[in-house]
Amino acid sequence: MSTPIELFTDGACSGNPGPGGWAAILRSGPHESELSGGKTLTTNNRMEMTAVIEGLRAIKQPSHVSIHTDSKYVMDGARSWIIGWKKRGWKTADKKPVKNEDLWRALDAEQARHLSVKWTWVAGHSGHSENERADQLARDAIPRR
């Protein structure tokens, strides 16, 4: 059985839209790694999603993954909204195109690669050490003009 992997993610934006950054911290037993990146023009939601996608993508073998995020948008979308969107051909309940469809499709594909994905919401800026670290890494990754 594979060792469970913990994934802590965060996204940040300076202006919304504006330049943004994302970060992911992966932990498997005693091993830990940090990933981050940024875009010159993006939104906070896109950075939150990118953090999860890139974190899952970095896990090479199908694994049991526990994702910790302060984004209810990403967690709720990945756990429930996406099911209806896919049934409706990537349309919302009121038949409008799903915002960030490209990233939702990527997130769906990355989740499907893994043996299991468990989502945990953590309150942002509440002293949760890994969330605070991911927040700092995401803010540090924001491209400066």
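K95 is exposed, with a relative accessible area of 69%. In this predicted model, K95 sits in the loop that runs between helix 2 and helix 3. Its backbone is worth a look: phi of K95 is near 65 degrees, a positive value in a residue that is not glycine. Most residues other than glycine have a negative phi.

N100 also belongs to the loop between helix 2 and helix 3, and N100 has a positive phi of about 65 degrees although it is not a glycine. Is N100 buried or exposed? Its relative accessibility is 16%, so N100 counts as buried, the cut-off being under 20%.

## A cis peptide bond

Let us move to the loop between strand 1 and strand 2, where P17 is found. The peptide bond joining N16 and P17 is cis, with omega at about 10 degrees. Most peptide bonds are trans.

## Helix 3 and its buried face

Helix 3 covers residues 101-113, and its 13 residues should span 18 Å at 1.5 Å a residue; the end C-alpha atoms are 19 Å apart, which agrees. L103, W104, L107, D108, E110 and Q111 are the buried residues of this helix. Viewed down the axis of helix 3, they fall within an arc of 165 degrees, so they line one face of the helix. Residues three or four places apart in an α-helix point the same way, because there are 3.6 residues a turn.

What do the buried residues of helix 3 pack against? Their partners are helix 1, helix 2 (72-87) and strand 5 (116-121).

## Helix 4 and its cover

Helix 4 (residues 129-140) has twelve residues and reaches 16 Å from its first C-alpha to its last, close to the expected 16 Å. Buried here are E130, N131, A134, D135, L137 and A138. Down the axis of helix 4, these buried residues fall within an arc of 165 degrees, so they too line one face of their helix. On the other side of helix 4, S129 and D140 are exposed.

The cover over the buried residues of helix 4 includes strand 1 (5-13), strand 2 (18-28) and strand 3 (31-42).

## Aromatic contacts

A search of the whole structure turns up four aromatic pairs. Y73, W81, W85 and W104 make up one aromatic cluster, and W104 is also among the buried residues of helix 3. Elsewhere, K72 lies over the face of W121, at 4.3 Å from the ring centre.

## Confidence

The protein chain averages a pLDDT of 95, and 98% of the residues score at least 70. Confidence is lowest in helix 4, at a mean of 95, and highest in helix 1 (residues 44-58), at 98.

Notes: Residues are numbered from 1 along each chain as its sequence is written. This is a predicted model: local features need pLDDT of at least 70, side-chain atom pairs count only at pLDDT 80 or more; totals for chains, interfaces and linings use all residues. Side-chain values use heavy atoms; hydrogens and water are left out. Rings of Phe, Tyr and Trp (its six-membered ring) pair if their centres lie within 6.5 Å; planes under 30 degrees apart count as stacked, over 60 as edge-to-face and the rest as tilted. A charge sits over a ring if NZ of Lys or CZ of Arg is within 6 Å of the ring centre and within 35 degrees of the ring normal. Helices (H or I, at least four residues) and strands (E, at least two) are DSSP runs, numbered from the N terminus. The expected span of a helix is 1.5 Å times one less than its number of residues. Buried means under 20% relative accessible area, exposed over 50%, partly exposed in between (1.4 Å probe, protein chains only). The arc is that of the directions from the helix axis to the C-beta atoms. Contact means heavy atoms within 4.5 Å. pLDDT is the predictor's confidence in each residue, from 0 to 100.
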